[in-house]
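User: I've got a structure to go through before group meeting. Can you walk me through it?

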Amino acid sequence: HRLNFYFPLCWFLTIFVFFSLSTSKRELYLLPLYPAASLLLGGFISSFVSLPEREGIVSKFLLFPLYVLGGVFMLGGIGVCLFPFIKTPVSGLIRFFPHLIIFMLLFLVGGYLIISFVRKNKLTASFLTVVLIMVVGFLGAIEIVLPGINPLKSAKPMCQTILRHLPKDKEIVAYGLKLAPFNFYTGLNKIEELKTNEELMLAFNSPSVGLILLGENSFITLQEKALIPANIQMVEKSKIGHRSFILLEKKS
(Lines give C-alpha, C1' and ligand atoms only; values in the text may rest on other atoms or scores of the structure.)
Protein backbone atom coordinates (compact mmCIF):
# COMPACT_ATOMS: atom_id res chain seq x y z
CA HIS A 1 0.00 0.00 0.00
CA ARG A 2 2.85 2.37 0.79
CA LEU A 3 4.46 1.63 -2.58
CA ASN A 4 1.16 2.38 -4.30
CA PHE A 5 1.20 5.78 -2.58
CA TYR A 6 4.87 6.78 -2.83
CA PHE A 7 5.33 5.88 -6.48
CA PRO A 8 2.68 8.28 -7.90
CA LEU A 9 3.70 10.88 -5.28
CA CYS A 10 7.32 10.81 -6.47
CA TRP A 11 6.12 10.80 -10.07
CA PHE A 12 4.00 13.91 -9.43
CA LEU A 13 6.57 15.83 -7.39
CA THR A 14 9.48 15.15 -9.75
CA ILE A 15 7.70 16.53 -12.81
CA PHE A 16 6.02 19.35 -10.90
CA VAL A 17 9.24 20.61 -9.31
CA PHE A 18 11.26 20.22 -12.53
CA PHE A 19 8.90 22.32 -14.65
CA SER A 20 8.33 24.79 -11.80
CA LEU A 21 12.07 25.55 -11.83
CA SER A 22 12.19 25.63 -15.63
CA THR A 23 12.24 29.08 -17.25
CA SER A 24 9.92 27.92 -20.05
CA LYS A 25 6.41 27.09 -18.86
CA ARG A 26 3.49 25.82 -20.94
CA GLU A 27 0.24 24.11 -19.99
CA LEU A 28 1.22 21.17 -22.18
CA TYR A 29 4.11 20.32 -19.87
CA LEU A 30 1.67 19.48 -17.06
CA LEU A 31 -0.03 16.63 -18.93
CA PRO A 32 2.20 13.89 -17.38
CA LEU A 33 0.98 15.03 -13.93
CA TYR A 34 -2.62 13.99 -14.50
CA PRO A 35 -2.13 10.19 -14.36
CA ALA A 36 -0.11 10.53 -11.14
CA ALA A 37 -2.69 12.86 -9.60
CA SER A 38 -5.47 10.45 -10.61
CA LEU A 39 -3.68 7.52 -8.93
CA LEU A 40 -3.17 9.54 -5.74
CA LEU A 41 -6.78 10.68 -5.66
CA GLY A 42 -8.11 7.21 -6.49
CA GLY A 43 -6.01 5.64 -3.72
CA PHE A 44 -7.18 8.25 -1.24
CA ILE A 45 -10.85 7.74 -2.11
CA SER A 46 -10.47 3.96 -1.99
CA SER A 47 -8.83 4.07 1.44
CA PHE A 48 -11.37 6.51 2.79
CA VAL A 49 -14.39 4.58 1.52
CA SER A 50 -13.05 1.32 2.99
CA LEU A 51 -12.62 2.74 6.49
CA PRO A 52 -14.86 0.92 8.96
CA GLU A 53 -15.54 4.14 10.90
CA ARG A 54 -16.14 7.52 9.33
CA GLU A 55 -16.99 9.60 12.37
CA GLY A 56 -15.21 12.65 13.68
CA ILE A 57 -14.28 16.11 12.47
CA VAL A 58 -11.69 14.88 9.95
CA SER A 59 -14.12 12.54 8.24
CA LYS A 60 -16.81 15.22 8.08
CA PHE A 61 -14.30 17.67 6.65
CA LEU A 62 -13.36 15.16 3.94
CA LEU A 63 -17.04 14.76 3.06
CA PHE A 64 -17.46 18.52 2.64
CA PRO A 65 -16.35 18.57 -1.05
CA LEU A 66 -19.12 16.12 -1.92
CA TYR A 67 -21.70 18.38 -0.29
CA VAL A 68 -20.24 21.32 -2.25
CA LEU A 69 -20.36 19.38 -5.53
CA GLY A 70 -23.96 18.41 -4.92
CA GLY A 71 -24.89 22.03 -4.25
CA VAL A 72 -22.98 23.28 -7.27
CA PHE A 73 -24.69 20.78 -9.56
CA MET A 74 -28.13 21.76 -8.25
CA LEU A 75 -27.39 25.46 -8.72
CA GLY A 76 -26.07 24.64 -12.19
CA GLY A 77 -29.32 22.90 -13.04
CA ILE A 78 -31.26 26.03 -12.14
CA GLY A 79 -28.79 28.25 -13.98
CA VAL A 80 -28.95 26.16 -17.16
CA CYS A 81 -32.63 27.01 -17.60
CA LEU A 82 -32.28 30.67 -16.62
CA PHE A 83 -29.22 31.37 -18.79
CA PRO A 84 -31.04 31.75 -22.15
CA PHE A 85 -33.34 34.40 -20.64
CA ILE A 86 -30.61 36.49 -18.97
CA LYS A 87 -28.92 39.18 -21.05
CA THR A 88 -25.19 38.50 -21.12
CA PRO A 89 -22.31 39.27 -23.55
CA VAL A 90 -22.95 35.86 -25.14
CA SER A 91 -26.74 36.07 -25.22
CA GLY A 92 -28.16 34.35 -28.26
CA LEU A 93 -25.56 31.60 -28.39
CA ILE A 94 -27.84 29.15 -26.55
CA ARG A 95 -30.83 28.41 -28.80
CA PHE A 96 -31.59 24.78 -28.08
CA PHE A 97 -33.94 24.96 -25.10
CA PRO A 98 -35.39 21.40 -25.40
CA HIS A 99 -31.92 19.98 -24.75
CA LEU A 100 -31.43 22.25 -21.75
CA ILE A 101 -34.19 20.38 -19.93
CA ILE A 102 -32.04 17.24 -20.08
CA PHE A 103 -29.08 19.07 -18.56
CA MET A 104 -31.32 20.67 -15.94
CA LEU A 105 -32.63 17.28 -14.82
CA LEU A 106 -29.15 15.77 -14.90
CA PHE A 107 -27.70 18.45 -12.62
CA LEU A 108 -30.69 18.83 -10.29
CA VAL A 109 -31.34 15.12 -9.76
CA GLY A 110 -27.63 14.27 -9.74
CA GLY A 111 -26.81 16.97 -7.19
CA TYR A 112 -29.65 15.83 -4.94
CA LEU A 113 -28.50 12.19 -5.15
CA ILE A 114 -24.90 13.13 -4.28
CA ILE A 115 -25.99 14.89 -1.09
CA SER A 116 -28.52 12.18 -0.26
CA PHE A 117 -25.97 9.38 -0.62
CA VAL A 118 -23.44 11.22 1.54
CA ARG A 119 -26.02 11.73 4.29
CA LYS A 120 -26.75 7.99 4.16
CA ASN A 121 -23.03 7.23 4.35
CA LYS A 122 -23.06 5.68 0.85
CA LEU A 123 -19.85 7.28 -0.35
CA THR A 124 -19.26 4.91 -3.25
CA ALA A 125 -22.70 5.66 -4.67
CA SER A 126 -22.11 9.39 -4.19
CA PHE A 127 -18.75 9.27 -5.96
CA LEU A 128 -20.17 7.20 -8.83
CA THR A 129 -22.97 9.75 -9.22
CA VAL A 130 -20.37 12.49 -9.59
CA VAL A 131 -18.59 10.45 -12.26
CA LEU A 132 -21.87 9.78 -14.08
CA ILE A 133 -22.78 13.47 -14.15
CA MET A 134 -19.35 14.43 -15.43
CA VAL A 135 -19.34 11.78 -18.18
CA VAL A 136 -22.89 12.47 -19.36
CA GLY A 137 -22.34 16.23 -19.15
CA PHE A 138 -19.08 15.97 -21.12
CA LEU A 139 -20.62 13.83 -23.86
CA GLY A 140 -23.67 16.09 -24.00
CA ALA A 141 -21.46 19.15 -24.35
CA ILE A 142 -19.58 17.55 -27.25
CA GLU A 143 -22.65 16.25 -29.08
CA ILE A 144 -25.17 19.03 -28.33
CA VAL A 145 -23.74 22.20 -26.84
CA LEU A 146 -20.58 22.74 -28.90
CA PRO A 147 -22.19 21.97 -32.29
CA GLY A 148 -24.90 24.48 -31.41
CA ILE A 149 -22.48 27.20 -30.37
CA ASN A 150 -19.66 26.63 -32.86
CA PRO A 151 -21.38 28.01 -36.00
CA LEU A 152 -22.04 31.23 -34.09
CA LYS A 153 -18.49 31.60 -32.76
CA SER A 154 -16.34 30.03 -35.45
CA ALA A 155 -14.63 32.02 -38.20
CA LYS A 156 -15.11 29.09 -40.60
CA PRO A 157 -18.30 30.33 -42.36
CA MET A 158 -16.72 33.72 -43.06
CA CYS A 159 -13.54 32.03 -44.31
CA GLN A 160 -15.58 29.88 -46.71
CA THR A 161 -17.08 33.09 -48.11
CA ILE A 162 -13.59 34.55 -48.47
CA LEU A 163 -12.41 31.55 -50.50
CA ARG A 164 -15.48 31.75 -52.76
CA HIS A 165 -14.98 35.43 -53.59
CA LEU A 166 -11.18 35.65 -53.67
CA PRO A 167 -9.84 35.69 -57.27
CA LYS A 168 -6.88 33.44 -57.97
CA ASP A 169 -4.58 36.33 -58.86
CA LYS A 170 -5.61 38.53 -55.92
CA GLU A 171 -4.89 38.63 -52.21
CA ILE A 172 -6.89 39.45 -49.10
CA VAL A 173 -5.84 41.96 -46.46
CA ALA A 174 -7.30 42.63 -43.02
CA TYR A 175 -7.54 45.84 -41.04
CA GLY A 176 -7.04 45.82 -37.28
CA LEU A 177 -7.92 42.16 -36.63
CA LYS A 178 -6.42 39.08 -34.96
CA LEU A 179 -5.86 36.86 -37.96
CA ALA A 180 -5.05 33.42 -36.52
CA PRO A 181 -8.59 31.95 -37.03
CA PHE A 182 -8.85 33.38 -40.56
CA ASN A 183 -5.41 32.11 -41.55
CA PHE A 184 -6.31 28.66 -40.23
CA TYR A 185 -9.73 28.23 -41.85
CA THR A 186 -8.83 29.78 -45.21
CA GLY A 187 -5.63 27.74 -45.47
CA LEU A 188 -3.79 30.84 -46.65
CA ASN A 189 -0.22 31.10 -45.46
CA LYS A 190 -0.52 34.63 -44.12
CA ILE A 191 -3.16 37.29 -44.55
CA GLU A 192 -1.52 40.71 -44.55
CA GLU A 193 -2.48 42.79 -41.51
CA LEU A 194 -3.04 46.53 -41.98
CA LYS A 195 -2.63 48.68 -38.89
CA THR A 196 -3.07 52.26 -40.12
CA ASN A 197 -5.55 54.16 -42.29
CA GLU A 198 -2.74 54.99 -44.70
CA GLU A 199 -2.03 51.29 -45.28
CA LEU A 200 -5.75 50.68 -45.77
CA MET A 201 -6.01 53.48 -48.36
CA LEU A 202 -3.10 51.97 -50.26
CA ALA A 203 -4.85 48.57 -50.18
CA PHE A 204 -8.03 50.12 -51.60
CA ASN A 205 -6.02 51.32 -54.60
CA SER A 206 -3.67 48.35 -54.94
CA PRO A 207 -4.32 46.20 -58.06
CA SER A 208 -3.13 43.07 -56.20
CA VAL A 209 -5.79 43.31 -53.46
CA GLY A 210 -9.15 41.68 -54.11
CA LEU A 211 -10.76 41.47 -50.65
CA ILE A 212 -10.56 43.53 -47.45
CA LEU A 213 -11.65 42.13 -44.09
CA LEU A 214 -12.37 44.43 -41.13
CA GLY A 215 -14.56 44.85 -38.07
CA GLU A 216 -17.99 46.46 -38.32
CA ASN A 217 -16.99 49.38 -36.08
CA SER A 218 -14.04 50.19 -38.33
CA PHE A 219 -16.29 49.91 -41.38
CA ILE A 220 -18.82 52.36 -39.92
CA THR A 221 -16.04 54.83 -39.05
CA LEU A 222 -14.68 54.67 -42.60
CA GLN A 223 -18.17 55.23 -44.01
CA GLU A 224 -18.74 58.27 -41.82
CA LYS A 225 -15.45 59.75 -42.99
CA ALA A 226 -16.26 58.86 -46.63
CA LEU A 227 -12.97 57.00 -47.00
CA ILE A 228 -14.36 53.95 -48.83
CA PRO A 229 -14.02 54.25 -52.64
CA ALA A 230 -17.06 53.73 -54.84
CA ASN A 231 -15.65 50.53 -56.34
CA ILE A 232 -15.46 48.84 -52.91
CA GLN A 233 -18.61 46.89 -52.06
CA MET A 234 -19.66 44.79 -49.07
CA VAL A 235 -20.15 41.13 -49.94
CA GLU A 236 -20.60 39.60 -46.49
CA LYS A 237 -21.41 40.58 -42.91
CA SER A 238 -20.86 37.86 -40.34
CA LYS A 239 -21.14 37.78 -36.56
CA ILE A 240 -18.50 35.69 -34.77
CA GLY A 241 -19.21 35.53 -31.05
CA HIS A 242 -20.18 39.07 -30.02
CA ARG A 243 -18.22 40.80 -32.82
CA SER A 244 -19.38 41.59 -36.35
CA PHE A 245 -17.04 41.42 -39.35
CA ILE A 246 -17.36 42.93 -42.81
CA LEU A 247 -15.89 41.52 -46.01
CA LEU A 248 -15.32 44.09 -48.77
CA GLU A 249 -14.73 43.25 -52.42
CA LYS A 250 -13.01 45.44 -54.97
CA LYS A 251 -15.03 45.70 -58.18
CA SER A 252 -13.30 46.37 -61.48
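User: Start with Glu-216. What does it form a salt bridge with?

Analyst: This is a predicted model. In it, Glu-216 forms a salt bridge with Lys-237, and the closest N and O atoms are 2.7 Å apart.

User: And where do Glu-216 and Lys-237 sit?

Analyst: Glu-216 is in helix H9 and Lys-237 is in strand S4. The two are 21 residues apart, and the pair links distant parts of the chain.

User: How exposed is Glu-216?

Analyst: Glu-216 has a relative accessible area of 22%, so it counts as partly exposed. Lys-237 is partly exposed as well, with a relative accessible area of 48%.

User: How many salt bridges are there by this rule?

Analyst: The count comes to two. The other pairs the side chains of Lys-251 and Glu-249, at 3.2 Å from N to O.

User: Is Glu-249 buried or exposed?

Analyst: Buried, because its relative accessible area is 13% and the cut-off for buried is under 20%.

User: OK, back up. How many helices and strands does the chain have?

Analyst: There are nine helices and five strands. Along the sequence the pattern is α-α-α-α-α-α-β-α-β-α-β-α-β-β.

User: How much of the chain counts as buried?

Analyst: 30% of the 252 residues. The chain exposes about 16800 Å², with carbon and sulfur atoms supplying 66% of that.

User: Which residues have the most contacts inside the largest nonpolar core?

Analyst: Met-158, Ile-162, Ile-172, Phe-182, Leu-213, Phe-245 and Leu-247, in a core of 16 residues. At least two core residues come from each of helix H6 (156-165), strand S1 (171-175), strand S3 (209-215) and strand S5 (243-250). H6 gives the largest share, three residues.

User: Take Met-158. What is it in contact with, leaving aside its neighbours within four places in sequence?

Analyst: Phe-182, Leu-213, Glu-236, Ser-238, Ile-240, Phe-245 and Leu-247. Apart from that core lies another one, of 14 residues, which includes Tyr-175, Val-209, Ile-246 and Leu-248.

User: Now helix H8. Which residues are buried there?

Analyst: In H8, residues 197-205, the buried ones are Leu-200, Ala-203 and Phe-204. Seen down the helix axis, the buried residues of H8 fall within an arc of 105°, so they line one face.

User: What does the face of H8 turned away from its buried side carry?

Analyst: It carries the exposed residues Glu-198, Leu-202 and Asn-205.

User: And what covers the buried residues of H8?

Analyst: The cover includes all of these: S1, strand S2 (192-194), S3, helix H9 (216-224), strand S4 (232-240) and S5.

User: Different topic. Which residues make the nonpolar surface patch of about 610 Å²?

Analyst: Phe-127, Leu-128, Val-131, Val-135, Phe-138, Leu-139 and Ile-142. Leu-128 is found in helix H5, residues 123-153.

User: Why does Leu-128 count as exposed?

Analyst: Because its relative accessibility is 51%, and exposed means over 50%.

User: Last one, Leu-31. Where does it lie?

Analyst: Leu-31 is in the loop between helix H1 (2-21) and helix H2 (33-49). With a relative accessible area of 48%, Leu-31 is partly exposed. Its C-alpha atom is separated by 9.9 Å from that of Ile-15, 16 residues apart along the chain.

Key. Residues are numbered from 1 along each chain as its sequence is written. This is a predicted model: local features need pLDDT of at least 70, side-chain atom pairs count only at pLDDT 80 or more; totals for chains, interfaces and linings use all residues. Side-chain values use heavy atoms; hydrogens and water are left out. Helices (H or I, at least four residues) and strands (E, at least two) are DSSP runs, numbered from the N terminus. Buried means under 20% relative accessible area, exposed over 50%, partly exposed in between (1.4 Å probe, protein chains only). Accessible areas come from the Shrake-Rupley method with a 1.4 Å probe; for residues, only the protein chains shown count as cover. A nonpolar core is a set of buried Ala, Val, Leu, Ile, Met, Phe, Trp, Tyr and Cys residues joined through side-chain atoms within 4.5 Å. Contact means heavy atoms within 4.5 Å. The arc is that of the directions from the helix axis to the C-beta atoms. Patches are made of residues with over 30% relative accessible area and no salt bridge: like charges are joined within 9 Å, nonpolar side chains (Val, Leu, Ile, Met, Phe, Trp, Tyr) within 5 Å. A salt bridge is a side-chain nitrogen of Lys or Arg within 4 Å of a carboxyl oxygen of Asp or Glu.
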